[in-house]
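Please read the points below with the model open beside you. They begin with how the parts are arranged and then turn to single residues.

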Amino acid sequence: MDISIIGLGNMGRAFYDLFHGAGHNLYVGCPHQKDIESYQSRDNAEAAARGEIVFLGVKPPMIPAVVAEILPATEDAVLVSMAAGVSLARLSEMAPGRKIIRILPNTPIAVGAGVVAYTPGYAMDAEEAAEFEALLAPAGKVIHTTEDDLDIVSALAGSMPAFVAAMIEAFSDGAVACGMKRNAAYEIARTAVAGSCTLMDKSGLHPGAIKDAVTSPGGTTLEGLLFLESRGMRYTLAEAIRKTVDKNKNLG
């Protein structure tokens, strides 16, 4: 497939690497020369004109200018926006009559373990949806969702790597305070988190069931959990998602 990518930041580069690895023909529009093997141009319209599908990997404030720039050159292309907070309604105002899809990926797509939620702004048929999901499949889990849920996905999946990384760092700080070397603490905490998620995924167990299986009566894990709860752990984590969703809604 001929794919254009406008903007080669973290997400744009991650998709570039995935699509390049899958053997697609890639055309990149970027103001700065990048170390890539594919065609690239500082002229976004020139790069966009070559694609059957055009991924917009620029920051939300740049979307109006970039869409205006490439619109005359992309009459038959599907436009795919990665910009958080820029609604399908706004995108349709910028590109009336065009096929537009909003996607929200997270950074683990770079290693094929990400989440990509998408919402089409037109009547996408089952065959087209299957083709689009197959295109994105190397990124990880692909989810067709409503636009109302995209801001929530952005918080729950898009921000989650930062939330989890901060928690791993904090747990590791605790281990270091108890005398463990930092590299060992990071490795153990990281592996434990990954293993816990794999267990949850493969077992199909509710998160509460996994927690209960570890918390013996009067045991050490329960002691730690009670301390976390005394500091408002659940409310704090839930509120972090709500605040992030609110911020996403105000971006556009």
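1. In this predicted model, the centres of domain 1 and domain 2, taken over C-alpha atoms, are separated by 32 Å. Domain 1 covers residues 2–144, and domain 2 covers residues 154–250. Where the two domains are in contact, eight residues come from domain 1 and five residues from domain 2.

2. The area buried between domain 1 and domain 2 comes to about 400 Å², and carbon and sulfur atoms give 66% of it. On the side of domain 1, the residues that lose the most area to domain 2 are Gly85, Leu104 and Asn106, which together account for 56% of what that side buries. If you look for salt bridges across the interface of domain 1 and domain 2, the rule finds zero of them.

3. For the protein as a whole, the C-alpha trace spans about 70 × 35 × 30 Å along its principal axes, and the secondary structure comes to eleven helices and eight strands. Among contacts between residues at least 6 apart in sequence, 52% join residues that are at least 24 apart.

4. The protein has 252 residues, of which 37% count as buried.

5. Is serine 154 buried or exposed? This residue lies in helix 6, which runs over residues 147–158, and serine 154 counts as buried because its relative accessible area of 11% falls under the 20% cut-off. When its neighbours within four places in sequence are left aside, serine 154 is in contact with Ala84, Leu104, Ser159 and Asn248.

6. Leucine 237 belongs to helix 11, which is made up of residues 233–249. Its relative accessible area is 43%, and leucine 237 is therefore described as partly exposed, since that term is used for values between the limits of 20% and 50%. On the surface, Leu237 forms a nonpolar patch with Met167 and Phe171, and the accessible area of these residues together is about 290 Å².

How values were computed: Residues are numbered from 1 along each chain as its sequence is written. This is a predicted model: local features need pLDDT of at least 70, side-chain atom pairs count only at pLDDT 80 or more; totals for chains, interfaces and linings use all residues. Side-chain values use heavy atoms; hydrogens and water are left out. Patches are made of residues with over 30% relative accessible area and no salt bridge: like charges are joined within 9 Å, nonpolar side chains (Val, Leu, Ile, Met, Phe, Trp, Tyr) within 5 Å. Accessible areas come from the Shrake-Rupley method with a 1.4 Å probe; for residues, only the protein chains shown count as cover. A salt bridge is a side-chain nitrogen of Lys or Arg within 4 Å of a carboxyl oxygen of Asp or Glu. Helices (H or I, at least four residues) and strands (E, at least two) are DSSP runs, numbered from the N terminus. Buried means under 20% relative accessible area, exposed over 50%, partly exposed in between (1.4 Å probe, protein chains only). Domain bounds come from an automatic or database domain assignment. Contact means heavy atoms within 4.5 Å. Buried area is the accessible area (1.4 Å probe) that two parts lose on being put together, summed over both.
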